[in-house]
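Here is a short tour for a reader new to this structure. Take a look at the sequence and the 3D view before reading on.

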Amino acid sequence: MKAQRIVSIVVLVGLIISAAVWYGINNHLLPEAAGLEAEAYDRLFNTMVGIAFGVFLLIEGLLVFAILVFQRRPGDEEDGPGIGENLRLEILWTAIPIVTVLWLSIYSTLVYNRMVGKEPLTIAHHHAHPHTTYVAMTEGEEGVTEVDVTAMQFAWIFTYPGTEVTSGELHVPLGKKVRLNMQAMDVIHAFWVPELRLKQDAIPGMTTHLEFTPTRLGTFNIVCTELCGAYHGGMRAEMVVDTPADYQKWLAEQAVAQKQGKAIAIKPGEEFFASIPHHVPAHIHHVINEELVR
Ligand SMILES: [Cu+2]
């Protein structure tokens, strides 16, 4: 009888673990990836979803089991058995979550560090020796496309160092490493492209970084993912992944257009204005406009 019970518990636990692994691999909760770094993120995400699904099955299963098996029998007016503490069980159910959560937090930190590049967070105004940190980092690597990102209520502005190009649309070359240097003009915003899996805060008074390598051509949404004010929901822009040749062409066209004073950067601004309600105060439109033309 006892051996039979152990066998059924082992079988049940095996089934739960298999279901957890299966759901971890086949959950399809994330959009199709468009960046090299997404792979590490997806593995972390799927691991977490798998563990969560396993825990869900275990806890809900025990709950349903208890409801069905330990019902009051008709005519039974007795109290239930008095159950005291069980130290061994308590140690076990404290230790398992601690180990799991600690392991997941270390794993998450490793993935996060990989995404923000070598330097996670740099305080821009504290650069007493600018050559030691930030500059050294940018000069050391060949073929990294750098873009300065400015976040403000309620727009994203992208400038391309060394080209004088300013745009409301982020263009990046396929297969090349991109490094974003982000700043905020007013409040905290956050840069998010779901297909890249990346999220990074843009913080006033600080430069934050994000690195990625686009692996898929196309246009992707950039979403502000930090509640930043009344029109936070309209703070969107687009990221266009071009072939390296198209990217160079785009840069050249932008440079020419901006020299002639026809800032193409205005275009996404206009779309943005069309998308926000009429009652947005006019001065906000002006601020955004001036920033785009500047
Ligand atoms: Cu924002």
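## The copper site

Donors are N, O and S atoms within 2.8 Å of the metal. The model shown here is predicted. Which residues coordinate the copper ion? They are H189 through ND1, C224 through SG, C228 through SG and M235 through SD. The distances run from 2.1 to 2.4 Å.

The site is tetrahedral. Angles among the 4 donor atoms of the copper ion are 93 to 124 degrees. Along the sequence, the donor residues follow the spacing H-x34-C-x3-C-x6-M. H189 and M235 link distant parts of the chain, 46 residues apart. H189 sits in strand 7, residues 189-193. M235 sits in the loop between strand 10 (218-224) and strand 11 (236-242). Are these two residues buried or exposed? Both H189 and M235 are buried.

## The nonpolar core

The largest nonpolar core holds 39 residues. Which of them have the most contacts inside it? They are W156, F158, L170, L180, F191 and M239. Strand 6, residues 178-184, gives the most to this core, with 4 residues.

## A nonpolar patch on the surface

Nonpolar residues also lie on the surface. L63, V64, F65, I67, L68, V69 and F70 form a patch there. Together they have about 710 Å² of accessible area.

One of them, L68, lies in helix 2, residues 38-69. Why does L68 count as exposed? Its relative accessibility is 58%, and exposed means over 50%.

Methods: Residues are numbered from 1 along each chain as its sequence is written. This is a predicted model: local features need pLDDT of at least 70, side-chain atom pairs count only at pLDDT 80 or more; totals for chains, interfaces and linings use all residues. Side-chain values use heavy atoms; hydrogens and water are left out. Donors are N, O and S atoms within 2.8 Å of the metal (3.2 Å for Na, K and Ca); water is not among the atoms, so sites may look incomplete. Four donors count as tetrahedral if all angles lie between 85 and 135 degrees; four count as square planar and six as octahedral if opposite donors are over 155 degrees apart and all others between 65 and 115; anything else is irregular. Helices (H or I, at least four residues) and strands (E, at least two) are DSSP runs, numbered from the N terminus. Buried means under 20% relative accessible area, exposed over 50%, partly exposed in between (1.4 Å probe, protein chains only). A nonpolar core is a set of buried Ala, Val, Leu, Ile, Met, Phe, Trp, Tyr and Cys residues joined through side-chain atoms within 4.5 Å. Patches are made of residues with over 30% relative accessible area and no salt bridge: like charges are joined within 9 Å, nonpolar side chains (Val, Leu, Ile, Met, Phe, Trp, Tyr) within 5 Å. Accessible areas come from the Shrake-Rupley method with a 1.4 Å probe; for residues, only the protein chains shown count as cover. A salt bridge is a side-chain nitrogen of Lys or Arg within 4 Å of a carboxyl oxygen of Asp or Glu.
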